[in-house]
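Student: I am new to this structure. Could you take me through some of its packing?

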Amino acid sequence: MDGMSLLTITVLAVFVGFEVVSKVSSTLHTPLMSGANAIHGIILVGAIIVAGQASDPWVLAVALLAVVLATANLVGGFVVTDRMLEMFRGRQRPPSGTDAAGSAGRSGSGGAGERRP
Amino acid sequence: MTLLDPTWTALLYLAAAACFILALKGLSSPKTARRGNLIGAFGALLAVVTVFLSVKLDNIPWILGAIVVGSGIAAPVARRVQMTQMPQLVALFNGVGGGAAALVALLELPHTDDPWVRLAIVFTLLVGAVSFAGSAVTFAKLQGLMTTRPVTFPGLPVLMALVLLAAVAVGVVVILGGSMALAVVLLVLGLVAGVLLVLPVGGADVPIVISLLNAFTGLAVAASGLVLGNVLLLVAGTLVGASGTILTRAMAAAMGRSVAGIMFGAFKGGSTAGSTAVSERPVRSSSAEDVAVLLGYAQRVIIVPGYGLAVAQGQHTAAELASALESRGTEVDFAIHPVAGRMPGHMNVLLAEANVPYESLKEMGDINSEFKTADVALVVGANDVVNPAAKTTAGSPIYGMPILEVADARQVVFLKRSMRPGFAGIENDLLYEPQTTLLFGDAKDSLTKVLGAVKAL
């Protein structure tokens, strides 16, 4: 792909990145950080390519180390984020109307699946 | 032999990129967060399967073995970690991602003559190494392996400048000549820079640095996408870099800080009023029975949970105390500071784990005006988030951070382990005020005793 297309894609991705998290409540800062963390574990794809093209044993060893690290980032990141979000389920009572924005948002978080009629 | 032609490969990577965008979008709203995370994980799986089907790879058994090892280490750790230790685990995972990006870039260096690609390699090496080493230091700080206070020494700014200058010089030579040995030197310089960058950051600012380093790793991954000509890495890395930057700024704003102030505040010197020295001033300490009387005959009690409560796993006892008081006709609320715990939103996660009913959790903005009407503010294992120094003492490390205005309550009871200062390493003058009572001990033990005494009233 030529340089101009790559630049275009990069700039558009910057705008999308800014846009998708522009108004996040502080309740979700930690899970969002963790989720973004998991996404950059996709460097695993790069590590696999490098390891798959290695012929020298030292290069292979370093590349496999990169694969291990990237997998830890990717798998661990998604699992830890899921566990954090799991905690938002199972609330006993729905929040009262007086509790403003923060909990109004939370009420939906795991509620859909959990709340019984 | 590859199974997928380039068009299918590009389409599958595009689908994975779309999954990542949906994941970030989902994670920014509580309603869709968990689903968003699963969509992201699916996108990652799709991308990994695609790379196996679309690139001619040797060493496949080795690669699969490494993936099994990586998952085998990370998944159980992520499953078992206590919620209180979540922030340092996030730092750790971020660091290994940065390290992986740096290694991938290093190994690609001999495969290219293009100076632009080498520029991207140099960038990935440096930023990945900074992220790796910086995350290791934040991990050590949060895990209690080293002090959480800012660590500075007189020559630090000069040393930092020298390391960065050396890195730029070596980087230019690598771009021009492609020397592998110098690239390794660059990697080491990046590691040193990462340590120097994070050492001076202390206390409650550490989580914000994790977010910043997270964005750095994203940028490193994006640059490695340029190196490998892989659009998915480019898009995913850029997304994380951009959203991480926004998130870092939002987190800093929630604490009333600027990102530049956090990173370089300690460089200026004299700005760290923090001291671990414990003052000799007298405090009023009390017994669980006295606290129980205070609480049991109050009309309105506001409980302020902090990290100490979480560490002691005292959430359930706190909830029980609240319902015991409510059954006596006392109105009880929990006041949640946005950065209570160790990270923004951390306390909400912890209390949700303990099934504390959400209707009694009040956000800082809603509850602050209500402290005036409270008979007792019960501070359990929190310190920095109620420290009036944030409003009154310019130059304090937490100056400017919005706080819970506990001082407005008629009586303040602190459940504390000791007089040792909190995470930010600064004293809380509120402890010495006449309306303040202290009950020393482990948060859970103290709560259990108070609960017993309330029931006996």
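Student: Is the crossing of helix 3 of chain A and helix 4 of chain A left-handed or right-handed?
Tutor: This is a predicted model. Helix 3 covers residues 43–52 of chain A, and helix 4 covers residues 57–86. Their crossing is left-handed.

Student: How many charged residues does the contact of helix 3 of chain A with helix 4 of chain A have?
Tutor: Helix 3 of chain A brings residues including Ile43(A), Leu44(A) and Ala47(A), while helix 4 of chain A brings Leu60(A), Ala63(A) and Thr71(A), among others. By class, the contact has 13 nonpolar residues and one polar residue. The count of charged residues is none.

Student: Are helix 3 and helix 4 of chain A roughly parallel or antiparallel?
Tutor: Their axes lie 8 Å apart, at an angle of about 160°. Angles over 145 degrees count as roughly antiparallel. Therefore helix 3 of chain A is, relative to helix 4 of chain A, roughly antiparallel.

Student: Which residues touch the most other members of the largest nonpolar core?
Tutor: That core has 191 residues. Its largest share, 15 residues, comes from helix 4 of chain A. Touching the most other members are Ile42(A) and Val406(B).

Student: Is Gly381(B) buried or partly exposed?
Tutor: Gly381(B) sits in the loop between strand 4 and helix 16 of chain B. Beyond its neighbours within four places in sequence, Gly381(B) contacts residues including Tyr307(B) and Leu415(B). Buried means under 20% relative accessible area. Gly381(B) has 23%, so this residue is partly exposed.

Definitions and conventions. Residues are numbered from 1 along each chain as its sequence is written. Chains are lettered from A and ligands numbered from 1 in the order in which they are written. This is a predicted model: local features need pLDDT of at least 70, side-chain atom pairs count only at pLDDT 80 or more; totals for chains, interfaces and linings use all residues. Side-chain values use heavy atoms; hydrogens and water are left out. Axes are lines fitted to C-alpha atoms, for helices over the stretch in contact, and angles run from 0 to 180 degrees between N-to-C directions. Helices (H or I, at least four residues) and strands (E, at least two) are DSSP runs, numbered from the N terminus. Angles under 35 degrees count as roughly parallel, over 145 as roughly antiparallel, 65 to 115 as roughly perpendicular and the rest as oblique. A crossing is left-handed if the near helix is turned anticlockwise from the far one by less than a right angle, and right-handed if clockwise. Contact means heavy atoms within 4.5 Å. Ala, Val, Leu, Ile, Met, Phe, Trp, Tyr, Cys and Pro count as nonpolar, Asp, Glu, Lys and Arg as charged, and the others, Gly among them, as polar. A nonpolar core is a set of buried Ala, Val, Leu, Ile, Met, Phe, Trp, Tyr and Cys residues joined through side-chain atoms within 4.5 Å. Buried means under 20% relative accessible area, exposed over 50%, partly exposed in between (1.4 Å probe, protein chains only).
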